[in-house]
Amino acid sequence: MRHAKRAELEAAVQEQLGCPSTYVEAEFVRQVWQGKVAWEGMVHVVRLSGHPEARYCYVMLLGGEEGEPPRYHFTLETMETGSTKAAVRAYIKASLQRDA
């Protein structure tokens, strides 16, 4: 899987959320659900500037193999999603609900 670059992440956040951001860190997350790996990869944390609802956003690169355009999933920091692992759980839950 391709790795996201800081400048690409910040540009994607600006385009998707309409506010500037500053890269903070990345954390490897491996989430198992029903005995299978549901997500495994880097979750990037960016600090948002001027967003009306959140100070941080968790960004996951989906797909984006070499030669493909990157796709991102954005999870705003809330009381329920205050960590990279919680952001991944929220993504999995949303994906399951969407596919149901």
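What radius of gyration does the chain have, and what would a compact globule with 100 residues have? I looked this up before anything else. The chain has 13 Å, and a compact globule with 100 residues would have a value near 13 Å, so the two agree. I note here that the model is predicted.

**Entry: overall layout**

I took the extents next. The C-alpha trace spans about 40 × 35 × 25 Å along its principal axes. Buried residues account for 39% of the 100 residues in the chain. Among contacts in the chain with a separation of 6 or more, 41% come from residues 24 or more positions apart.

I then listed the elements. The chain has two helices and four strands, and along the sequence they follow the pattern α-β-β-β-β-α.

**Entry: the sheet**

I traced the strand order. The four strands form an open sheet in the order S1-S2-S3-S4, with antiparallel pairing. Strand S1 (21-33) and S4 are the edge strands, and each of them pairs on one side only. From one strand to the next, the twist averages 30°.

Glu-27 stands opposite Val-43 in S2, and Arg-30 has Glu-40 in S2 as its bridge partner.

**Entry: the helices**

I asked which strands each helix meets. H1 lies across S1, S2, S3 and S4 and runs at about 65° to S4. H2 packs on the sheet and touches S1, S2, S3 and S4. The direction of H2 makes about 60° with that of S1.

**Entry: aromatic pairs**

I searched for ring pairs and found two aromatic pairs in the structure. The ring centres of Trp-39 and Tyr-91 are 6.0 Å apart, with the planes at 75°. An angle over 60 degrees counts as edge-to-face, so this pair is edge-to-face. The pair links distant parts of the chain, since Trp-39 is in strand S2 (residues 36-48) and Tyr-91 is in helix H2 (residues 84-99), 52 residues apart. Both Trp-39 and Tyr-91 are buried.

The other pair is Tyr-72 with Phe-74, and it is tilted. I noted 6.2 Å from centre to centre and 40° between the planes. Both Tyr-72 and Phe-74 are buried.

Nonpolar side chains tend to be buried together in soluble globular proteins. I looked for such groups here. The largest nonpolar core has 14 residues, and Val-46, Leu-48, Val-59, Tyr-72 and Phe-74 touch the most other members. Helix H1 (6-17), S2, strand S3 (56-62) and strand S4 (71-76) each supply at least two residues of this core. Another core lies apart from it, with 12 residues, among them Trp-39, Val-43, Val-45 and Met-60.

I listed the neighbours of Phe-74, leaving out residues up to four places away in sequence. Phe-74 touches Ala-12, Val-13, Gln-16, Cys-57, Tyr-58 and Val-59.

Is Gln-31 buried or exposed? Gln-31 is in strand S1. Its relative accessible area is 16%. The cut-off for buried is under 20%, so Gln-31 counts as buried. Not counting residues up to four places away in sequence, Gln-31 touches Lys-36, Val-37, Ala-38, Trp-39, Lys-85, Val-88, Arg-89 and Ile-92.

I checked Glu-65 as well, which lies in the loop between S3 and S4. Glu-65 has 36% relative accessibility and therefore counts as partly exposed.

Glu-65 and Arg-6 are 59 residues apart along the chain, and their C-alpha atoms are separated by 17 Å.

Definitions and conventions:
Residues are numbered from 1 along each chain as its sequence is written. This is a predicted model: local features need pLDDT of at least 70, side-chain atom pairs count only at pLDDT 80 or more; totals for chains, interfaces and linings use all residues. Side-chain values use heavy atoms; hydrogens and water are left out. Rings of Phe, Tyr and Trp (its six-membered ring) pair if their centres lie within 6.5 Å; planes under 30 degrees apart count as stacked, over 60 as edge-to-face and the rest as tilted. Buried means under 20% relative accessible area, exposed over 50%, partly exposed in between (1.4 Å probe, protein chains only). A nonpolar core is a set of buried Ala, Val, Leu, Ile, Met, Phe, Trp, Tyr and Cys residues joined through side-chain atoms within 4.5 Å. Contact means heavy atoms within 4.5 Å. Two strands pair if DSSP finds at least two bridges between them. Axes are lines fitted to C-alpha atoms, for helices over the stretch in contact, and angles run from 0 to 180 degrees between N-to-C directions. The radius of gyration is taken over C-alpha atoms; the globule rule is 2.2 Å times the number of residues to the power 0.38.
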